[in-house]
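Please examine the sequence and the model shown below. The paragraphs that follow proceed from a sheet to the helices and end with a single residue.

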Amino acid sequence: MNTQTSMLFGGLLLAATFNAQATLTTYTNTGADLVYSSVSDVTWTADANLLGTMMNQQGYGNVVGAILAVTSVIYDTPNSLDTPANSGQYTLSSGDFSASTYGQTNWFGAIAFINYLNSINYGGGNQWRLPSAGTNPQADTGQTTSELGQLYYTELNGIGGNGNALPDSSFFINEPGVGGTNWTGTEAQNPRSAWTFNLNNGNQSTTRKNSATVGVWAISSGQIAPVPLPGAAWLFASGLAGLIGYRKRTFAGIQ
């Protein structure tokens with residue numbers, strides 16, 4: 001292999017290495033399973049219905065009590081659902097969390113659950129939040145500017161439309177969550193509602209904040225902890241290292 005060919009082959013391997021890293025990577029930190037996206041530069045909880053899992057494992061009352069102990073009031077844009085109405089604050093209660101379908105909650109309960117995750121440094125992080133619906137959210141399928149939409153369409157190659165749920169993958173469990181529809185942290189133009197994303201059909205729409213039939217999937221910007229290279233990237237990197245070693249031996253006159 002001549003020097004020019006070696007350099008070309010090495011460049012192709014290096015490019016493949018970078019491409020292999022631009023994907024979803026599963027890892028565990030402080031006992032929590034996480035998924036990092038190097039495309040979106042965000043971290044998801046590997047469990048798409050983490051709230052429901054906690055309720056099943058620890059008991060509904062225990063989990064709700066722990067959440068309410070951290071957050072008793074949620075502040076939002078003033079609207080008629082506030083307590084009192086149009087005060088810009090909402091007083092939480094156990095009624096904000098479904099006692100029959102574990103993991104479903106209204107928008108206020110979803111934010112309170114996120115606050116709870118931050119209070120316990122879940123997965124070693126305290127910057128958990130609800131996914132964003134983007135700066136100019138629209139009600140329809142094919143919306144890739146929202147973070148749930150980007151996961152559905154861009155990273156997991158969802159199709160959209162009835163009967164086209166979030167593609168099953170080895171990265172997550174309990175997807176598409178509980179009931180399929182998930183809250184975002186983005187309020188609608190009418191602040192009585194917030195944007196939601198349905199992982200059962202890829203549709204984005206608005207839902208009244210007091211609807212306790214929607215799931216919550218936590219997200220954090222960036223990496224919570226150093227993320228290991230995917231296996232494919234290690235393979236390409238190893239091949240590149242071997243190629244460089246071969247070139248060095250060749251230049252030294254060693255065959």
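**A guided reading of the model**

Strand 6 and strand 11 (residues 219-221) pair in the antiparallel sense over two bridges; two strands count as paired if DSSP finds at least two bridges between them. Across this pairing, Trp-128 has Ser-220 of strand 11 as its bridge partner. Helices (H or I, at least four residues) and strands (E, at least two) are DSSP runs, numbered from the N terminus. The model is a predicted one, in which local features need pLDDT of at least 70 and side-chain atom pairs count only at pLDDT 80 or more, while totals for chains, interfaces and linings use all residues. Residues are numbered from 1 along each chain as its sequence is written, and side-chain values use heavy atoms, with hydrogens and water left out.

The pair belongs to an open sheet of five strands, in the order 1-2-3-11-6, with antiparallel pairing. Its edge strands are strand 1 (24-29) and strand 6 (128-129), each of which pairs on one side only. Helix 5 (residues 147-155) lies across strand 1, strand 2 (32-37), strand 3 (42-45), strand 6 and strand 11, and runs at about 90 degrees to strand 3.

Consider next a pair of helices. Two packed helices are described by the angle between their axes and the distance between the axes. The axes of helix 2 (residues 50-58) and helix 4 come within 11 Å and cross at roughly 70 degrees; axes are lines fitted to C-alpha atoms, for helices over the stretch in contact, and angles run from 0 to 180 degrees between N-to-C directions. Helix 2 and helix 4 are therefore roughly perpendicular to each other, a term that covers 65 to 115 degrees. Leu-50, Leu-51 and Met-54 in helix 2 meet Phe-113, Tyr-116 and Leu-117 in helix 4, where contact means heavy atoms within 4.5 Å. By class, this contact has six nonpolar, no polar and no charged residues; Ala, Val, Leu, Ile, Met, Phe, Trp, Tyr, Cys and Pro count as nonpolar, Asp, Glu, Lys and Arg as charged, and the others, Gly among them, as polar.

The buried residues of helix 2 pack against strand 3, helix 3 (60-70) and helix 4. Just after helix 2, Gly-59 takes a positive phi of about 100 degrees.

Finally, Gln-104 is found in the loop between strand 5 (89-91) and helix 4 (107-119). Is Gln-104 buried or exposed? Gln-104 is buried, because its relative accessible area is 11% and buried means under 20% (1.4 Å probe, protein chains only).

How values were computed. Buried means under 20% relative accessible area, exposed over 50%, partly exposed in between (1.4 Å probe, protein chains only). Angles under 35 degrees count as roughly parallel, over 145 as roughly antiparallel, 65 to 115 as roughly perpendicular and the rest as oblique.
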